[in-house]
Amino acid sequence: MISVTKLLTDAQHSGDPLRYAASSQLPHHGTAAGKGPVVVWNMTRACNLRCRHCYAEAEGEPHPNELSTAAAESFIDGLKESAVPVLLFSGGEPLARADLFHLARYASEKGIRTVLSTNGTFITERVAARIKESGIQYVGISLDGIGRNNDGFRGVPGAFERAVAGIRNCRAIGQKVGLRLTLNRANYHDLDAIFDFIAAEGIQRVCFYHLVYTGRGRDLREDDLTGAQTRQALDLIIAKTLEFRRRGLPVEILTVDNHADGIYIYNWARKHDPARAERIFELLQRNGGNRSGIAIAGVDWEGNVHPDQFTHELYLGNVRECSFGRIWTNEDTPVLAQLRNRGPLLQGRCGRCQWLSLCNGNFRARALAAGNLWGSDPACYLTDEETGTA
């Protein structure tokens, strides 16, 4: 996750200390010294939508072996012991799970910052109030375009209107809420309208995700942006970040799942604001690039632990059988040790790239989807000249 706002303006937001602290790159299994990883918990497989890019391949019904409430409490106890700073409730659709509010409150009372990733369609006024009462500090609502464009991608007519209502219901009671959007060819031309929507609705945060070819997303490679389109999208994101800053709009803008973005923004600053480029380079060095298996972990509805939420093929252990902390710090697990020292294993352009210390080989889930965990990330849009591999 790259905070474009932080890189370009140095504005401080809640997640920045976990990404850009001076000690962020030091730990092998956490976000910073003395901290565990951010944990994404796909707490249920159940979902009321049918999104074309769903990495979890969510269905209408919950998985029969989902963690019980008691098992989930024990799992959260393990997160507390591991000094996990953030627990992100995801799915499927986490609001489809009846004990969400109980578990959010349980985690919050243990000092874990809780956030919610949802499609927003269930957030009535009453549900918004329950979200806030449970201690959830941030709600990220997914939209993938404006109006019917969103509904076509998410598989259910009316999803856009219901998600917008969910955003407004959160805003009405002072619940921090943001937008999550996965870039693809269907919404590429909506980006200007999306930024207009963000400003008009008073949205405080937006995350632009790059497409990951896992789950149902494995069939969407042809729907991903071309390299040229990705660069144009980043140019617009940079321009809007600076424009919102000039207008005094307190919007945090981030990109997710492609650390080539950091290099692209750095190179942009070298041309347009060399003094700022030095600060961007420092922040990217602190962050260290992709941190799957290091500063972010994924746990699925059955309690299986993975290096991140997109690599369900890579199994590290199960929280029913062993505490999360013991699983996460077990350096005898080959894939964990490899991810934490991946430089010598990387092949192709990623292995030869001059920006390895800032990018860390980008997103391994896409490389794995292309057939080789250590191969090049097929979504890296930097040129051979930019990567130094010409």
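This is a predicted model: local features need pLDDT of at least 70, side-chain atom pairs count only at pLDDT 80 or more; totals for chains, interfaces and linings use all residues.
Local features were taken where pLDDT is at least 70 and side-chain atom pairs where pLDDT is 80 or more, whereas totals for chains, interfaces and linings use all residues. Residues are numbered from 1 along each chain as its sequence is written, and side-chain values rest on heavy atoms, with hydrogens and water left out.

The UniProt record, in an unreviewed entry, places the feature "domain: Radical SAM core" at residues 33-247; positions from this record are given in the numbering used here, feature names are shortened, and annotations may be inferred rather than shown by experiment. Helices (H or I, at least four residues) and strands (E, at least two) are DSSP runs, numbered from the N terminus.

In the model, 11 strands form an open sheet with mixed pairing, in the order β1-β8-β7-β6-β5-β4-β3-β2-β9-β10-β11, where two strands are said to pair if DSSP finds at least two bridges between them. Strands of a sheet pair through backbone hydrogen bonds, either parallel or antiparallel. At the edges stand β1 (2-3) and β11 (317-318), each of which has a single partner strand, so one side of each is left without a neighbour in the sheet.

Elsewhere in this order, strand β4 (residues 113-118) pairs with β5 in the parallel sense over 4 bridges, and the bridge partner of Thr118 in β5 is Ile141. Strand β5 is also joined to β6 by 4 bridges, and these two strands run parallel; here Gly140 has Gly178 of β6 as its bridge partner. Strand β6 (residues 177-182) in turn pairs with strand β7 (residues 205-209) over 5 bridges, again in the parallel sense, with Arg180 bridged to Cys207 and Leu181 bridged to Phe208.

Burial was then examined, with a residue called buried at under 20% relative accessible area, exposed at over 50% and partly exposed in between (1.4 Å probe, protein chains only). In strand β5 (residues 138-142), 5 of the 5 residues are buried, so the strand is largely enclosed by the rest of the structure. Leaving out residues up to four places away in sequence, Ser134 touches Phe101, Ala104, Arg105 and Ser108, where contact means heavy atoms within 4.5 Å.

A nonpolar core is a set of buried Ala, Val, Leu, Ile, Met, Phe, Trp, Tyr and Cys residues joined through side-chain atoms within 4.5 Å. The largest such core has 90 residues, and those with the most contacts inside it are Trp41, Phe75, Phe208 and Phe324. Apart from this core lies another, of 14 residues, among them Cys51, Ala56, Ala58 and Phe310. When neighbours within four places in sequence are left aside, the contacts of Phe324 include Pro37, Val39, Phe75, Leu79 and Ser82, together with Val299 and Val319.

Rings of Phe, Tyr and Trp (its six-membered ring) pair if their centres lie within 6.5 Å, and planes under 30 degrees apart count as stacked, over 60 as edge-to-face and the rest as tilted. By this rule there are 10 aromatic pairs. In one of them the rings of Tyr266 and Trp355 have centres 5.8 Å apart and planes at 75 degrees, so the pair is edge-to-face. Because Tyr266 lies in helix α10 (residues 260-272) and Trp355 in the loop between α14 (348-352) and α15 (356-359), the pair ties together parts that are 89 residues apart in sequence. Tyr266 is buried at 12% relative accessible area, and Trp355 is buried at 10%. The rings of Phe324 and Trp328, by contrast, have centres 5.7 Å apart and planes at 15 degrees, so this pair is stacked. Ring pairs also link Trp41, Phe75 and Phe89 into a cluster.
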